[in-house]
Amino acid sequence: MPAADRRVRPGSDGEHELQERMGTTARADRFYDEQVLDRLNTRMRDFVARQEMCFLATSDRHGECDSTFRAGPPGFLQVLDDRTLVYPEYRGNGVLASLGNIEENPHVGILMIDFLKDRIGLHVNGRARIVSDEEMRRAQPELPVDPVPGRRAQLWVEITVEEAYIHCAKHIPHLQKASAEQRQRQAWGTDGFKRKGGDFFGAAADAPDRPPYQPRRRKRDVPSWTQAGELTRSAVWQRSVQRLLAAVARRTPNAEEGAEGAFRGWFC
């Protein structure tokens, strides 16, 4: 299909290319048209307000990914309007992996799943920024103040919604909440070793016998999102092709003109 005839579609270039190869483009377009919103509708907002947990996906400026779990009382995810939601960051282990990623790369994905009642999920993708508790409460004085010390927000994450869509029910297990007698009291904000799970996977016990962790060396450094601003897809593509041309020229100096001729039409 000529580029001029292509409509703007949600999702990534990679998923669109795979849809063409797998023959699922029409099915994907039906999902995009019917289910993918650029804001939270009324039912989505009500759903968010009931949730007690979510899964958060972030990545750093290199594209190295991390996923984590966030939880709180119902309503800990606050919908400010149909394009904005916020959640509090409570006291944790001090690593700040997700917040560190957001400092470098604002793109985040949140998945909320109701395992107990509706057995359905909601994806929210967007751009995040970190806000101090003082700044957030000045802007949103109606936000509740949690009486539990370990649930008092140290920071807030504010997300501008770019995509919101359903996660279908067919593979979501239907769970039941344990009774109060079966549950341990949640230890919000604790540093207690056992209350935090102890050494469940035995990593601490093995630490004296294993060599120090060596992070994988990255091939190149990529400017921070906050320093350089987000590169457009076009800029990333052109930079990749320029590197390819340079590599061709280094290997076969006389081939540079031919290689440029082969790629010149891509930038029109």
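1. Phe200 is exposed in this predicted model. Phe200 and Phe201 form an aromatic pair. Their ring centres lie 4.9 Å apart, with 80° between the planes, and the pair is edge-to-face.

2. How many aromatic pairs does a search of the whole structure find? The count is three. One of them joins Phe31 and Tyr165. The ring centres of Phe31 and Tyr165 are 6.0 Å apart and the planes meet at 85°, so this pair is edge-to-face. Phe31 sits in helix H2 and Tyr165 in strand E7. These two residues are 134 residues apart, and the pair links distant parts of the chain.

3. Tyr165 is buried, at 18%. Buried means under 20%, so Tyr165 falls inside that limit.

4. Helix H2 spans residues 25-35, and its buried residues include Ala28, Asp29 and Tyr32. The buried residues of H2 pack against helix H1 (13-22). The face of H2 turned away from the buried side carries Ala26, Arg27 and Glu34, which are exposed.

5. Now the interior. Nonpolar side chains tend to be buried together in soluble globular proteins. Here the largest nonpolar core has 23 residues. Which of its residues touch the most other members? They are Leu77, Ile110, Met112, Val124 and Ile159. Helices H3 (42-50) and H4 (97-104) each give two or more residues to this core. So do strands E1 (53-59), E4 (84-89), E5 (107-114), E6 (120-132) and E7 (155-167). E7 gives the most, with four residues.

6. Met112 deserves a look of its own. Leaving aside neighbours within four places in sequence, Met112 is in contact with Phe47, Val48, Gln51, Met53 and Cys54, among others. Its contacts also include Leu77, Ile120, Gly121, Leu122 and Val124. Leu77 and Val124 are named with Met112 among the residues that touch the most other core members.

7. There is a second, separate core of six residues. Val86, Val131, Leu143 and Ala153 are among them.

8. Check Arg151. It lies in the loop between helix H5 (133-139) and strand E7. Arg151 is buried, with a relative accessible area of 16%. That value is under 20%, the limit for buried, so the label holds for this arginine. What does the side chain of Arg151 make a polar contact with? The partner is the side chain of Asp146, at 2.8 Å. Leaving aside neighbours within four places in sequence, Arg151 is in contact with Pro73, Tyr90, Asp146 and Trp188.

9. Whole-chain figures come last. The chain has nine helices and seven strands. Of its 268 residues, 28% are buried. Among contacts between residues at least 6 apart in sequence, 66% join residues at least 24 apart. The chain exposes about 18,600 Å². Carbon and sulfur atoms supply 53% of that area.

Conventions
Residues numbered from 1 in each chain as written. Predicted model: local features only at pLDDT ≥ 70, side-chain atom pairs only at ≥ 80, totals over all residues. Heavy atoms only, no water. Core = buried A, V, L, I, M, F, W, Y, C linked by side-chain atoms within 4.5 Å. Buried < 20%, exposed > 50% of the residue type's maximum accessible area, 1.4 Å probe, protein only. Contact = heavy atoms within 4.5 Å. Polar contact = N/O pair within 3.5 Å; in protein donor to acceptor, adjacent residues only side chain to side chain. Phe/Tyr/Trp six-rings, centres within 6.5 Å; stacked < 30°, edge-to-face > 60°. Areas by Shrake-Rupley, 256 points an atom, 1.4 Å probe, with all protein chains shown as cover.
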